[in-house]
Amino acid sequence: MKLIKLVLKNFRTLILSDFRENQLSKYFANVIFKNISSKNIKILDFGSGFNPKVILKLQHKLKTLGYESKIHCVDFYSDNELEVLNTESETITFIDFNQLEIIDTRFDLVIISDVLHHIGIDRLEHEKNLKKLLKSNFILIKDHFEYSLVTRYILVFMDFIGNYKDSVSIPKNYFSQNKYSKFLQKNNLQIIDKVENIKLYSSIYFPFNLKKIQFIHLLKQKI
């Protein structure tokens, strides 16, 4: 198992480098700049993972756009992992999910990037922490659409390459546009900005480069 994870980690680094992280942080920064006027923002990265390059790059890009950001990153971290991660930045704090309930902060923006499908599309309504965070001022979601069995298997393959090394479970299915609409409706959310058909991988890396399946939506609670 350890050998497989090491091979996958090196394979991903070799073929993708930081292209995906650079692209995502650029897209996120542009959406924030277009829609959030306050230059002092509190951000929560929900399900930030063990290799937080995107949030570090995003914070740098936001600074060049005139923003001062305080960021909390939350995931299933051990004490040892938190000790290492919390040396990355003075303005980014990493916490375990168990600590999330005791944080008395209303975030300006919650980022949920490639996380919802790992929770399980059919179990989202039972995720208490998620329900609480969906009431934040803005919610930025990055995820995938599946259009057929072919695109589902492509997404499974992509998740295996990207996440198996970190012992993250591989989903059995992803959002269809219909399921996603129901998720928004159930949580009283509306799309206020979106970036679709986004380019996260170089054109030579099929099937990673299928733009059709990728989307970024900025959401807000309906009044």
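## Model and confidence

Local features here need a pLDDT of at least 70 and side-chain atom pairs count only at pLDDT 80 or more, while totals for chains, interfaces and linings use all residues of this predicted model. Residues are numbered from 1 along each chain as its sequence is written, and side-chain values use heavy atoms, with hydrogens and water left out.

The average pLDDT (the predictor's confidence in each residue, from 0 to 100) is 82 for the protein chain, and 83% of the residues score at least 70. Residues 3-11 are a stretch to treat separately: their pLDDT is below 50. Beyond near neighbours in sequence, this stretch has nine contacts (heavy atoms within 4.5 Å) in the model.

## A salt-bridge network around Asp114

A salt bridge is counted when a side-chain nitrogen of Lys or Arg lies within 4 Å of a carboxyl oxygen of Asp or Glu. By that rule, the model has five salt bridges. Which residues are linked in a network of salt bridges? They are Arg20, Asp114 and Lys142.

Arginine 20 meets aspartate 114 at 2.5 Å, N to O. This pair links distant parts of the chain, 94 residues apart: arginine 20 is in helix H2 (residues 19-35), and aspartate 114 is in the loop between strand S4 (109-113) and helix H6 (116-119). Helices (H or I, at least four residues) and strands (E, at least two) are DSSP runs, numbered from the N terminus. Aspartate 114 also forms a salt bridge with lysine 142, at 2.7 Å, N to O. Here the partners are 28 residues apart, with lysine 142 in strand S5 (residues 138-144).

Arginine 20 is buried at 13%, aspartate 114 is buried at 13%, and lysine 142 is buried at 1%.

## Another salt bridge

Arginine 152 and glutamate 146 meet in a salt bridge of 2.8 Å, N to O. Arginine 152 counts as partly exposed, with 23% relative accessibility, whereas glutamate 146 is buried at 13%.

## Aromatic rings

Rings of Phe, Tyr and Trp (its six-membered ring) pair if their centres lie within 6.5 Å; planes under 30 degrees apart count as stacked, over 60 as edge-to-face and the rest as tilted. The structure holds 11 aromatic pairs. One of them joins phenylalanine 76 and phenylalanine 97 in a tilted arrangement, 4.5 Å centre to centre with 55° between the planes. Phenylalanine 76 is exposed at 62% relative accessibility, but phenylalanine 97 is buried at 12%.

Ring pairs also link Phe145, Tyr147, Phe175, Tyr180, Phe183 and Phe215 into a cluster.

## Charges over rings

A charge sits over a ring if NZ of Lys or CZ of Arg is within 6 Å of the ring centre and within 35 degrees of the ring normal. The charged end of lysine 39 sits over tyrosine 67, 4.0 Å from the ring centre. Lysine 220 likewise has its charged end over the ring of phenylalanine 138, 4.3 Å from its centre.

## Methionine 158

Methionine 158 belongs to helix H8 (residues 149-163) and is buried, with a relative accessible area of 9%. From methionine 158 to isoleucine 170 is 12 residues in sequence and 9.6 Å in space, C-alpha to C-alpha.

Terms used:
Buried < 20%, exposed > 50% of the residue type's maximum accessible area, 1.4 Å probe, protein only.
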